[in-house]
Amino acid sequence: MATLQNIRSKGPLLVIVIGLALFAFIAGDAWKVVQPHQAHDVGEVNGDALSAQEYQNLVEEYTEVVKLMRGVTALNDEQTNQVRDEVWRSYVNNKLIEKEAKALGLTVSAAEIQDILKAGVHPLLRQTPFQNPQTGNFDKDMLNKFLVEYAKMNESQMPAQYAEQYNKMYKYWSFIQKTLIESRLAEKYQALVSKALLSNPVEAQGAFDARVNQYDVLMAGIPYSAVVDSTIVVKESELKELYNKKKEQFKQYQETRDIKYIDVQVTASAEDRAAIQKEVDEATEQLAATKEDYTSFIRSVGSEAPYVDLFYNKTAFPSDVVARLDSAAVGTVYGPYYNGADNTINSFKVVAKAAAADSVEFRQIQVYAADAAKTETLADSIYNAIKGGAGFVELAKKYGQTGDANWLTAAQYEGAQIDGDNLKFISTINNAGVNELVNLPMGQAHVILQVTNKKAVKDKYKVAVVKREVEFSKETYNRAYNDFSQFIAANPSVEKMVANAEEAGYRLLDRMDLSSSEHNIGGVRGTKEALRWAFDKAEPGEVSGLYECGESDHMMVVGLVGVKPEGYRPLKAVQDLLRAEIVKDKKAEKIMADMKAANATSFSQYKEMANAVSDSLKMVTFAAPAYVSSLRSSEPLVGAYASAAAENQLSAPIKGNAGVFVLQVYGKDKLQETFDAKAEEATQANMHARFAGRLMNDLYLKANVKDTRYLFF
């Protein structure tokens, strides 16, 4: 009762508290609704932000272009990542050029683009389908014809598949046109920069002399490997001194992570393998008894090699089947057998064998009208007219088509998933006789087909293949998942994970300088979330949760070891590199001191020193570093010394890349070339033009580019 009275006395306060709590709850839910719709940026160039939606639109645009160019309906994960990277690279480069071009007053006019189209030789135009069949070159008239047809297109009167194709083609051309403008602007900017880097007669003469003057050189030296590493002491102060001297070389322009991770790949147990073997054994018995509809049967047993009711070349089948095909007669079953190359248990049946043409030439007239009945009537009319003697090409042109003949080769469809109308179309072409006319219904349309030629007759096969991967069971995966989860829970820090991984049977892996622009960790697919955790949430020393990744066959845990921020890499990160340089310098000092103590004054005396190696180098030039086989190293100083030394003059000891050596020029020669100042200057100018490409890297560094795509994709 006292408690109840106490609550009543605080009634107004409780109302306020509960009201605030309800508001916070409702506001929190509202924020979750609003948040995804707010603008988020995936990157920034010169202060200009690219939103996630804009970036995704660009990716989708380019994805459709790539699919059309490759003739595929979808891209795999690796291809999609390549598209995303290419879109980002193009966006950044275009923004860099755009800023510089604006400052210089560079633009691309519509007249320039028309000139490019008229010339028809730009590399981008060669990728379009608007190619003249006779010349193989871009045809502006074909493009204009398509654009006119597209403008007049009435989607309601066309089959959906044709309308979709026209729309894809138009979007593809729009992308090419946009890219042409961006490409032309970049070309003009690069040309302007290149023309500013000129050569001159002095440089031309120097380049000519460096190339044509050749020297024969004797080399004697002591490699650094002759000095034992343990005899060289490197002080901390020496490392710091060299670090400060070379600090600019260690500037890092993006933040990276050092991680340790464990990647567990789940594999099938002995019980799993036995179960799959039993299923394949049963499927093999059923395959032997099957007489028809192999397509449905092969699909029903879960084979990874679908059956297509077409005659294929032997090489179109899986390689393990090809290797055994000659051992199986028509109508018989081979197997089961295990194939280690793809971890599968297999069997197959040779359904049929025939001699068939590998290439078939055909022509067609596509027929469609307002509805199915009118389409069929029109198709019958065209078919009967041709049967009655009307010209195929003339009728095709009457209905807005060329009637030109095309070749269908087996390589165009072997290995693809073919069914429905596509299977009907290809089967009809392959089975029809030369000059035979066919009226083929295809969905909402009809196609009048005529085979005009066949060639390259080969032995072909119909083979039904049962191919089952030896996969792990759900129980096996759950067991591995539970074991790994327990390990992660018991080792929540990097220190503990490192200490206990090996004992628990897990292999600990290292990855230094992980970048946020990468698409996976350790080459394992589906690790985006782990990558995002490492860059967005993790603190050094922390360990992530368990990530299921790969193709549902991997599990991963990641531990963040350290963060390397944008700026100068710390001494600890580069000390091994610095130590190696100091060790080399100290070895050089020791070798030079030994040479001085030996009082060597002739080439033969240097050659006879302990641990010395010698070589005879021919056709040495200043233009290219000499490779010294006895030192197994490229040594630029050899050519530099030879070009300035007198013949038979012994050099002082020289500190090279792989040892300390002395040189003696014993022969000189000159290539029989005539100096052409103009040609030499042109060559040097071209080299400068290539170096001008490095300007893009400088522009990139100055543009303060930020890439945070990992947060969204």
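**Exercise 1.** With a relative accessible area of 12%, is Leu699 buried or exposed? Find out, too, which helix holds Leu699 and which residues Leu699 touches beyond its sequence neighbours.

*Solution.* Keep in mind that we're working with a predicted model.
- Step 1: buried means under 20% relative accessible area. Leu699 comes in at 12%, so Leu699 is buried.
- Step 2: look up the helix. Leu699 sits in helix 23, which covers residues 695-702.
- Step 3: skip residues up to four places away in sequence, and Leu699 touches Leu96, Glu100 and Tyr189.
- Step 4: take one of those partners, Leu96. Along the chain, Leu699 and Leu96 are 603 residues apart, yet in space their C-alpha atoms are 6.6 Å apart.

**Exercise 2.** Describe how helix 4 and helix 23 pack, and list the residues that make the contact.

*Solution.* Two packed helices are described by the angle between their axes and the distance between those axes.
- Step 1: get the two values. The angle between helix 4 and helix 23 is about 90 degrees, and the axes lie 10 Å apart.
- Step 2: Angles from 65 to 115 degrees count as roughly perpendicular, so that's the description for helix 4 and helix 23.
- Step 3: name the residues. Helix 4 brings Val92, Asn93, Leu96, Ile97 and Glu100, while helix 23 brings Met696, Leu699 and Tyr700.
- Step 4: sort them by type. The contact of helix 4 with helix 23 has 6 nonpolar residues, 1 polar and 1 charged.

**Exercise 3.** How far does helix 4 reach from its first C-alpha to its last, and what covers its buried residues?

*Solution.* 
- Step 1: check the span. Helix 4 has 28 residues, and 40 Å is expected at 1.5 Å a residue; the helix reaches 41 Å, which is close to that.
- Step 2: pick out the buried residues. Among them are Thr80, Trp88, Tyr91 and Lys95, along with Val92, Leu96 and Ile97.
- Step 3: see what lies over the buried residues of helix 4. The cover includes strand 1 (41-45), strand 2 (48-51), helix 3 (52-70), helix 7, helix 23 and strand 20 (706-707).

**Exercise 4.** Which residue forms a salt bridge with Glu86, which one with Lys168, and which one with Glu112?

*Solution.* Side chains of opposite charge can pair when their charged atoms come close. Searching the whole structure turns up 35 salt bridges, and here are some of them.
- Step 1: Glu86 pairs with Arg89, with 2.6 Å between the closest N and O atoms. Both belong to helix 4 and are 3 residues apart, about one turn of the helix. Glu86 is partly exposed at 26% relative accessibility, and Arg89 is partly exposed at 42%.
- Step 2: Glu112 pairs with Lys188, with 3.2 Å between the closest N and O atoms. Glu112 is in helix 5 (residues 110-119) and Lys188 is in helix 7 (residues 160-196), so this pair ties together parts that are 76 residues apart in sequence. Glu112 is buried, at 19%.
- Step 3: Lys168 pairs with Glu164, with 3.5 Å between the closest N and O atoms. Lys168 and Glu164 are 4 residues apart in helix 7, about one helical turn. Lys168 is partly exposed at 33%, as is Glu164 at 46%.
- Step 4: look for shared partners. Salt bridges link Glu112, Arg184, Glu187 and Lys188 into one network.

Definitions and conventions: Residues numbered from 1 in each chain as written. Predicted model: local features only at pLDDT ≥ 70, side-chain atom pairs only at ≥ 80, totals over all residues. Heavy atoms only, no water. Salt bridge = Lys/Arg side-chain N within 4 Å of Asp/Glu carboxyl O. Helix = DSSP H or I, 4+ residues; strand = E, 2+ residues; numbered from the N terminus. Buried < 20%, exposed > 50% of the residue type's maximum accessible area, 1.4 Å probe, protein only. Axes fitted to C-alpha atoms, helices over the stretch in contact; angles between N-to-C directions. Parallel < 35°, antiparallel > 145°, perpendicular 65-115°, else oblique. Contact = heavy atoms within 4.5 Å. Nonpolar A, V, L, I, M, F, W, Y, C, P; charged D, E, K, R; others polar. Expected span 1.5 Å × (residues − 1).
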